[in-house]
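Colleague: I would like to learn how to read pockets, cores and domains in a model. Could you take me through one?

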Amino acid sequence: MSDKPKRIGILTAGGDCPGLNAAIRGVGKTAIVEHGMEVIGFTAGFSGLINKEFVMLDESRLSGILTLGGTILGTSREKPFKMTEGDQNDKPALIKKHYAELGLDCLVCIGGNGTMKTALHLQREGLNVIGIPKTIDNDVFGTDETFGFDSAVGIATEAIDRLHTTANSHQRAMVIEVMGHNAGWIALYAGMAGGGDIILIPEIDYTIGSVCKKIEKRFEKKKPYSIVVVAEGIKLPKKNVTAGQFIAENIQLFTGIETRETRLGYIQRGGSPSPMDRILATRYGAGAAELIAQGEFGKMIALKGGELTSIPLEEVGGKLRLVAPDHNLVIKARNLGISFGDD
Ligand code: F6P
């Protein structure tokens, strides 16, 4: 590579989330305006790099996308280092070939844990790579927060707020299942913000007995309804049932209290990013462009104690950031009488 990076590629990989376009804009505009680079956007995650499908991202293409949900580049769950049945191509070799043919000086991978792992592999293969952490799940190791999380918490909180009134009218137990994969961040934050009575997260083992005891106690205290916020990733004793279904069925069975279940699903990932996510994604994007300009490759941009920083991909790859069972917010919740189904 000559002295200054001249041409960079960007891709968004894994599940989408609010703020991806803000991050693309943050990298792209800073790279073009501040550092005079050319920017290429690969379509549909790593598939775009494998198939050499891309669009040029000039300033006008990067305008008007800050508030847009989804990703203008598209995404996929393509994992180039994982051979699947029927794979005939050496995908990492194709990626290396296309990276060289396009004269790239760096590849920016915007994604979650899986993407950071692939980014690390590519770095080890000799490409210059920068990672930007995104996901509604907030579970990327090495950063205090991923963009997408704040928007998802906002959406889930609004849903919980709405459940309160209908639960009260009908004197029901309401179970709401939120996303988060194997982490309980969305359930914990939205559960706290929405005034949930019980919050079940994968990091804390629950029992149905404890959940039912809490709900019965509330009814005895003339609290006519209960809100149970359940993370999708909690342990379940049987297959072919969702977390929310399992908890709701068992509450009704063992307490006799009428119970309903809501699964929030992909609504949590769609739509315009919250103001905080727009800012975080823009900071990450601009920070990533600065790392490239300084030739600091093999790193993921990150947030630590409110400050923008970076961490080597070697330290990120393959790890998860979960809720510590003694997390400050868990303790505060317990002190308010909120149950985690373990007492
Ligand atoms: O990682 C984000 C996430 O939305 C998780 O919360 C959820 O478990 C998963 O993606 C859903 O994945 P898919 O888009 O493959 O259905």
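**Pockets, cores and domains**

Modeller: Domain 1 (7-148 + 273-315) and domain 2 (150-269) both give residues to the lining of the largest pocket, so this pocket lies between them. Keep in mind that the model is predicted.

Colleague: Which residues lie nearest the centre of the largest pocket?

Modeller: They are Gly-14, Gly-15, Arg-77, Asp-137 and His-181, out of 27 lining residues. Helix H4 (residues 113-124) supplies the largest share of that lining, four residues. Sorted by class, the lining of the largest pocket has 11 polar, nine charged and seven nonpolar residues.

Colleague: What is the volume of the second largest pocket, and which residues are the closest to its centre?

Modeller: The second largest pocket has a volume of about 200 Å³. Of its 13 lining residues, Asp-197, Lys-214, Arg-218, Leu-336 and Gly-337 are the closest to the centre. Two elements give two or more residues to this lining, helix H6 (185-193) and helix H7 (208-220). H7 gives the most, with three residues. By class, the lining of the second largest pocket divides into six charged, four polar and three nonpolar residues.

Colleague: Now the cores. What is the general idea, and which members of the largest nonpolar core touch the most other members?

Modeller: In soluble globular proteins, nonpolar side chains tend to be buried together. In this model the largest nonpolar core has 83 residues, and Ile-10, Ile-110, Ile-132, Phe-147 and Ile-247 touch the most other members. Helix H5 (residues 149-170) gives the most to this core, with eight residues. Domain 1 and domain 2 both give residues to this core, so the core lies between them.

Colleague: Which residues does Ile-10 touch?

Modeller: Leaving out residues up to four places away in sequence, Ile-10 touches Ile-24, Val-27, Gly-28, Val-39, Ile-40, Gly-41, Phe-42, Leu-57, Leu-73, Val-108 and Ile-110.

Colleague: How many Å separate the centres of the two domains?

Modeller: The centres of domain 1 and domain 2, taken over C-alpha atoms, are separated by 34 Å. Their contact takes 15 residues from domain 1 and 11 residues from domain 2.

How values were computed
Residues numbered from 1 in each chain as written. Predicted model: local features only at pLDDT ≥ 70, side-chain atom pairs only at ≥ 80, totals over all residues. Heavy atoms only, no water. 1 Å grid on protein atoms, 1.4 Å probe; cavity = no way out; pocket = protein on both sides within 12 Å on 5 of 7 lines; lining within 4 Å. Nonpolar A, V, L, I, M, F, W, Y, C, P; charged D, E, K, R; others polar. Domains from an automatic or database assignment. Points joined across faces, edges and corners; volume = space filled by probe spheres on them. Core = buried A, V, L, I, M, F, W, Y, C linked by side-chain atoms within 4.5 Å. Buried < 20%, exposed > 50% of the residue type's maximum accessible area, 1.4 Å probe, protein only. Contact = heavy atoms within 4.5 Å.
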